[in-house]
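Let's take a walk through this structure, one piece at a time. Have a look at the sequence and the model first, and then we'll go through the details together.

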2 protein chains.
Amino acid sequence: MNGLSYYTAYLENEISSLKLADEPHNLFDPLRYFLSLGGKRMRPILTLLSSEIFNTPKEESVCAALSLELFHNFSLIHDDIMDEAPVRRGKPTVHQKWNPSVAILSGDALYIAAYQQLANYSDQRLPLLLQRFNETAIEVCQGQQMDMDFESLDTVSEAEYIEMIRLKTSVLLGCALEFGAIVANQEEEIRKNLYEFGVSLGIAFQIQDDFLDLYGDPELFGKQVGGDVLSNKKTLLFLKAMQTGDKRLGKLIQMDADAQKVVYAQNLFEELGAKTATLEAMKSYYDQAMENLKQLEEKGLETGTLHALAQFLINRKL
Amino acid sequence: MNGLSYYTAYLENEISSLKLADEPHNLFDPLRYFLSLGGKRMRPILTLLSSEIFNTPKEESVCAALSLELFHNFSLIHDDIMDEAPVRRGKPTVHQKWNPSVAILSGDALYIAAYQQLANYSDQRLPLLLQRFNETAIEVCQGQQMDMDFESLDTVSEAEYIEMIRLKTSVLLGCALEFGAIVANQEEEIRKNLYEFGVSLGIAFQIQDDFLDLYGDPELFGKQVGGDVLSNKKTLLFLKAMQTGDKRLGKLIQMDADAQKVVYAQNLFEELGAKTATLEAMKSYYDQAMENLKQLEEKGLETGTLHALAQFLINRKL
């Protein structure tokens, strides 16, 4: 059983030695730049961990793993344009460092590079890999569009919010785990269990991310606290608070975007029970993920690394 | 042998009955809108004509044909954002009718839909279809980036210009013809001949397009004449004129963008021999395409429809 740091180092090396064309420079330099910004490499790690369960060597699953990491980076480059985000991982975004046209086109090229990784599987696994990749990719687009649509809506239901984060974030984690099983030629039921584990864990992780945005330790969280509140983002915390119909929420939305607003939200959401309800929602998706793991164990699979991973991703102290 | 109008009608029907998701509306409505704007459907027609040579029914090659049409439309949606084009086929572009974010994301979704068409080939043809699709797609991106890069350069060589139009336009026509042969399980040499025919014909067609932009009959050409000259675009006509080093070109570039500038360019380019040299370049690529067809004939293939197509695309009166 290989640890996360082992796979991270392996993947960093694979990513930095990816064969991409050189010219035109304005097409390929932005890709190399963006890929070099790092990140947790969570998606490809999931694929490698998943295939390891079936004793499939990492060299056999790495192209499937990379296809999802490249797809993820492509979607970030395009999302950053749409969100007008100036910074990603502490560095200027592509549209900021170059311009939006370069960011659109180099994003497109990165997306093609993802499919080039898939094309390395030229045997009977390819049709299923391609089909699942396409289905997941279109869902990620649907999630991003829902997220953008939510901005201009007065209210969003909790179910709609969960569906948005499921599509935008979680299905890709599920797909990453499923890819490990497809590369290892596993049957449909095992593939589905792994996929569902990834989706549940992904939803729990995203809820945690929203939670930490308001209640996290800025030193540990690595981001400024309260960004979502400052931009009146409809997170689960906010939606849970809205369900109480408390009139102070109207005041919160109108407040100037400063530190006072963040403290006001921290206290108000706690008083209204939204803080606790959000943690409970997170826990219920985490429990669901554990249930999915149990089903895999009942099929005789060794799920120790997936347990460790879930604990690594979800801060159990919350 | 089926005619172009037969295939066009068949394709229009296939495109309008494509299965796309409905929601979110802001993701899928723009796709349906853009696909409904029409166009010559040249790429999918090439695939159907090509597969017809090998007696492969259109129902067998239509998904490969559609994958390229969807890819082409995706690239147009994104190109229109980059070029800040307000109008496409007489209607507002997607970023104009909705906004740039919607245009980026619905373009991405359309690109995924292209790969979904490819995924319908779940047999031994899929690896090669996917590989050739990826190679062509990345080249189209390279061509678009070169085209954008050219805008800020003082000068571009004729070879660089031809390489740009080869990548941006012609390789996709070549790929469309090659796809017909791949679907029909043809050998590599035949595939390559068809590809080269498409590339040569595509370059000739693009040079003709540049030529007609300045010297075409506006009624027949369907566009305002002189658009390239008004925006000081480095077309082959312009580059051929530049090779003479004539000082009046500096004056042309400085002139206000009005009808007088167009007439000045028409006369100047003719006097400098650029008009004739451009027609000769077009003819030489057309001849090359005919040479490619001859090689196919020598292999015993019936190329009547491809001859007819070439004559249809290239106005032999020029």
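Let's start with confidence. Among the elements of chain A, helix H10 (residues 218-221) has the lowest mean pLDDT, 70, while helix H8 (residues 158-183) of chain A has the highest, 98. Here pLDDT is the predictor's confidence in each residue, from 0 to 100, and the helices are DSSP runs of H or I with at least four residues, numbered from the N terminus. This is a predicted model, so local features are described at pLDDT of at least 70 and side-chain atom pairs at pLDDT 80 or more, while totals for chains, interfaces and linings use all residues. Residues are numbered from 1 along each chain as its sequence is written, and chains are lettered from A and ligands numbered from 1 in the order in which they are written. For chain A, the mean pLDDT is 94, with 98% of its residues at 70 or more. The predictor gives the complex an ipTM of 0.93 and a pTM of 0.94.

How do the two chains relate? Two copies of a chain are related by a rotation about an axis and a shift along it.

Now to where the chains touch. The contact takes 31 residues from chain A and 31 residues from chain B, where two residues are in contact if their C-beta atoms, placed from the backbone, lie within 7 Å. On chain A, the elements giving two or more residues to this side are helices H2 (25-36), H4 (58-82), H6 (100-118) and H7 (126-151). H7(A) provides the largest share, 14 residues. By class, the side of chain A that touches chain B has 19 nonpolar, 10 polar and 2 charged residues; Ala, Val, Leu, Ile, Met, Phe, Trp, Tyr, Cys and Pro count as nonpolar, Asp, Glu, Lys and Arg as charged, and the others, Gly among them, as polar. Also, 100% of the interface residues of chain A are interface residues in chain B too, so the copies meet through the same surface.

Residues meeting here include A:Leu130, A:Ile138 and A:Met148 from H7(A), and B:Leu105, B:Asp108 and B:Tyr115 from H6(B). This contact divides into 9 nonpolar, 5 polar and 1 charged residues.

Inside chain A, H4(A) and H8(A) pack at about 160° with their axes 9 Å apart. These two helices are therefore also roughly antiparallel to each other.

Last, some backbone details. A cis peptide bond joins A:Glu23 and A:Pro24, with omega about -5°, and A:Pro24 sits in the loop between H1 (4-16) and H2 of chain A. In chain B, a cis peptide bond joins B:Glu23 and B:Pro24, with omega about 0°.

Notes: Axes are lines fitted to C-alpha atoms, for helices over the stretch in contact, and angles run from 0 to 180 degrees between N-to-C directions. Angles under 35 degrees count as roughly parallel, over 145 as roughly antiparallel, 65 to 115 as roughly perpendicular and the rest as oblique.
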